[in-house]
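Subject: Structure handover

Hello,

Here is the structure I promised to pass on. Please open it and keep it beside this email as you read.

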Amino acid sequence: MTCAIVLVGVLAVNGAASAVLAGDEDGSKVTITAPADGASVDGASVDLKYELAKGVKAHHAHVYLDGQYQKGFKGTFTNLAPGKHEIKVVAATDDHKMLAAESVVTIEVK
């Protein structure tokens, strides 16, 4: 138990606690590979690419744009308004319950 507490403390100091511990619940890990965090993009068409390493419970992922679930998302955002937008991908079970594994990027639409 002491080792785990020390590990969390060290990771938190390095600013990596959320990335490393995000998949702690079932061993899943989500990584957004495109667009890059902080990217400046054309809002006409923004492709989202991510990797989901499934743990014990993960079945698929849910995509959110500015906190709104994108039901039936097919991989491309279109006609985004100018400004900053947050894209989040969260691992989910086969009955759509959210898991701890997630990845978040913020983009700027021109």
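One definition comes first: a residue is buried under 20% relative accessible area, exposed over 50%, and partly exposed in between, with a 1.4 Å probe and protein chains only as cover. This is a predicted model: local features need pLDDT of at least 70, side-chain atom pairs count only at pLDDT 80 or more, and totals for chains, interfaces and linings use all residues. Residues are numbered from 1 along each chain as its sequence is written, and side-chain values use heavy atoms, with hydrogens and water left out.

The whole chain

The chain has two helices and nine strands. Both are DSSP runs numbered from the N terminus: helices are H or I with at least four residues, strands are E with at least two. Along the sequence the pattern reads α-α-β-β-β-β-β-β-β-β-β. Of the 110 residues, 35% are buried. The accessible surface is about 6800 Å², and carbon and sulfur atoms account for 54% of that. These areas come from the Shrake-Rupley method with a 1.4 Å probe; for residues, only the protein chains shown count as cover.

Now contacts, meaning heavy atoms within 4.5 Å. Take those between residues at least 6 apart in sequence: 61% of them join residues at least 24 apart.

The sheet

Five strands form an open, mixed sheet in the order E2-E9-E8-E5-E6. Strands E2 (40-41) and E6 (68-69) are at the edges; each has a single partner strand, so one side of each has no neighbour in the sheet. Two strands pair if DSSP finds at least two bridges between them.

Look at E8 (residues 83-92). It pairs with E5 (residues 60-65) in the antiparallel sense, over six bridges. Here Ala61 stands opposite Ala91, and Tyr64 stands opposite Lys88. E8 also pairs with E9 (residues 98-109), again antiparallel, over nine bridges. Val89 has Ser103 as its bridge partner in E9. Why is E8 described as largely enclosed by the rest of the structure? Because seven of its 10 residues are buried.

Is Thr93 buried or exposed? Its relative accessibility is 10%, so Thr93 counts as buried. Beyond its neighbours within four places in sequence, Thr93 is in contact with Lys57, His59, His60 and Leu99.

The side chain of Thr93 also makes a polar contact with the side chain of Asp95, at 2.3 Å. A polar contact is a pair of N or O atoms within 3.5 Å; within protein, one must be able to donate a hydrogen and the other to accept it, and residues adjacent in sequence count only if both atoms are side-chain atoms.

Asp95 has another partner. It forms a salt bridge with Lys97, and the closest N and O atoms are 3.9 Å apart. The rule asks for a side-chain nitrogen of Lys or Arg within 4 Å of a carboxyl oxygen of Asp or Glu. By this rule the count is one. Asp95 is partly exposed, at 46% relative accessibility. Lys97 is exposed, at 55%.

One more residue

Find Leu52 in strand E4 (residues 49-53). Its relative accessibility is 24%, so Leu52 is partly exposed. Leaving aside neighbours within four places in sequence, Leu52 touches Lys29, Val30, His60, Ala61 and Ala91.

Best wishes
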